[in-house]
Amino acid sequence: MPEGRNKAPGLRISGLPARGRAGCTGFVESVTYQPASEQPFFSAIVVDSHEHGTAGGRPGAASAARLLVIWLGRRRVPGIEAGVEVRLDGMVTARDGLPAMFNPRYEILSRQEHL
């Protein structure tokens, strides 16, 4: 067991069950804001931590495991933005061909500094 770890990081997104409660860790790849004229919800795509930051231009990076995260009734979720590392805990289901979590508990693990 690696030293200095207090909490289990959770599963990789690629290891999430098809359905059921699970926890995972990953990086927010993108967020989607809904216009004021639509039902309020905020969504993000989260990718496996080890597959984030493919600046090396790895071909096939587009096939990285992705999780759709949706917070219903909200137009924004504080701290959730592209590049942030998060730990999520919630019920996993499928939506639009992706594993999805609705209204999960979340913890910000790290964020990129903007200059």
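**Salt bridges**

I looked up D48 first: its side chain meets that of R12 in a salt bridge, 3.8 Å from N to O. I took a salt bridge as a side-chain nitrogen of Lys or Arg within 4 Å of a carboxyl oxygen of Asp or Glu. The pair links distant parts of the chain, with D48 in strand β2 and R12 in the segment before β1, 36 residues apart. I counted strands (E, at least two residues) and helices (H or I, at least four) as DSSP runs, numbered from the N terminus.

Is D48 buried or exposed? D48 counts as buried, because its relative accessibility is 1%. R12 has 45%, so it is partly exposed. My cut-offs were under 20% relative accessible area for buried, over 50% for exposed and partly exposed in between (1.4 Å probe, protein chains only).

The model is predicted: local features need pLDDT of at least 70, side-chain atom pairs count only at pLDDT 80 or more, and totals for chains, interfaces and linings use all residues. Residues are numbered from 1 along each chain as its sequence is written, and side-chain values use heavy atoms, with hydrogens and water left out.

I noted five salt bridges in the structure. One of them joins R21 and D89, with the closest N and O atoms 3.6 Å apart. R21 lies in strand β1 and D89 in strand β4 (residues 85-95), so this pair ties together parts 68 residues apart in sequence. R21 is exposed at 56%, and D89 is partly exposed at 30%.

I also found R95 and D96 paired in a salt bridge at 3.8 Å, N to O. R95 is partly exposed at 37%, whereas D96 is exposed at 69%.

**Aromatic rings**

I found three aromatic pairs. The ring centres of F42 and W71 are 6.1 Å apart and the planes stand at 40°, so this pair is tilted. F42 sits in strand β2 and W71 in strand β3 (residues 66-72), 29 residues apart. Rings of Phe, Tyr and Trp (its six-membered ring) pair if their centres lie within 6.5 Å; planes under 30 degrees apart are stacked, over 60 edge-to-face and the rest tilted. Both F42 and W71 are buried.

**Q34 and the whole chain**

I placed Q34 in the loop between β1 (20-32) and β2 (41-48). Q34 counts as buried, because its relative accessibility is 17%. Leaving out residues up to four places away in sequence, Q34 touches Q39, F41 and R75; contact means heavy atoms within 4.5 Å.

I counted six strands and zero helices. Of the 115 residues, 35% count as buried.
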